[in-house]
Amino acid sequence: MASYCFGIDIGGTTVKCGLFLTTGELCEKWEIKTRTENGGKAILPDVAAAIQSKMGEKGIAKEQVTGVGVGVPGPVVKEREVTVAVNLHWGHTMLADELETLLGGIPVKVGNDANVAALGEMWKGGGEGTKNLIMATLGTGVGGGIIIDGKIITGFHGAGGEIGHACVEPTETETCNCGNKGCLEQMASATGIVRLAKRILDENTEVTVLKKDRISAKSVFDAYKAGDKVAARIVDKFAGYLGNALAIFSCVVDPEIIVIGGGVSKAGQPLIDAVEKYFRRDAFVTCKDTPIVLAKLDNDAGIYGAAKLVVE
């Protein structure tokens, strides 16, 4: 009899759902709306209903389900409790207990969404075949996940892997969303690249295709690939921050591989090459040859990683 598990990735707009075999094959994926009104009270009942509906549709008995893994946008403690999830309008939530009750006792484990994405990339993505990795997700912000011996490092407060809020520029005057200044997120996210670009363009006297009022991370990398010298300065600045930060993190956890994902990573190998230059320069001698690769699972990393939470 086949063994199944579910991977659930709860976002502020949609909940991504995946039905998996416990060997890692994705059988089917779908989405439901995230209903955040009324303090997000409908979210877990909706998730439970979606799982039970799929089990009924596929003729899967409860005994065939190993468990349900859930990724959420907030700190998680002991794979069961969510401290807070602002985008879902949740305060402290005993997520695993509540969802297990709704599912009639099917085991549930919970992880932070960025950490879970890293676990997914380790299992079936860019880090497949490894057990120790750092993942940096470069999107609107910078998310992160650290996996050691196949396990997510969550830390005491559930904030393990929050690499986006490491201070990489002590002289920064603008404030990060977290309240501190000089965070990696301010320098290496899509919005961070735009910030760097505008500052460089303000002082620029060289010819460039970049326009300050129409700047984006994509336009910077497109211009960079086309040989634009000003775009090259912007990318070099970004790469210096990210490469140095990854070198510091590698001193602490000594990963087998570093995986870079998120929307900015769609720039592809030129991004990796730019970051590697500074990583190789700054990394501890035994870490200098650590491979840096692109993520492979794209938006499915969360459901894969959530499923992996319940697959030993």
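Strand β8 and strand β11 (residues 257-261) run parallel and are joined by five bridges. Within this pairing, isoleucine 134 has isoleucine 258 of β11 opposite it. The model described here is predicted.

On β8 there is also an antiparallel pairing, formed with strand β9 (residues 142-148) over six bridges.

A residue counts as buried when its relative accessible area is under 20%.

Attention now turns to backbone geometry in the loops. Most residues other than glycine have a negative phi. Aspartate 254, by contrast, has a positive phi, near 50 degrees. Aspartate 254 belongs to the loop between α8 (229-253) and β11, the strand that runs parallel to β8. With a relative accessible area of 47%, aspartate 254 is partly exposed, because its value falls between the 20% limit for buried and the 50% limit for exposed residues.

Lysine 78 likewise has a positive phi, in this case near 55 degrees. Its position is in the loop that lies between β5 (76-77) and β6 (81-82). The relative accessibility of lysine 78 is 70%, and the residue therefore counts as exposed, the cut-off being over 50%.

Methods: Residues are numbered from 1 along each chain as its sequence is written. This is a predicted model: local features need pLDDT of at least 70, side-chain atom pairs count only at pLDDT 80 or more; totals for chains, interfaces and linings use all residues. Side-chain values use heavy atoms; hydrogens and water are left out. Two strands pair if DSSP finds at least two bridges between them. Helices (H or I, at least four residues) and strands (E, at least two) are DSSP runs, numbered from the N terminus. Buried means under 20% relative accessible area, exposed over 50%, partly exposed in between (1.4 Å probe, protein chains only).
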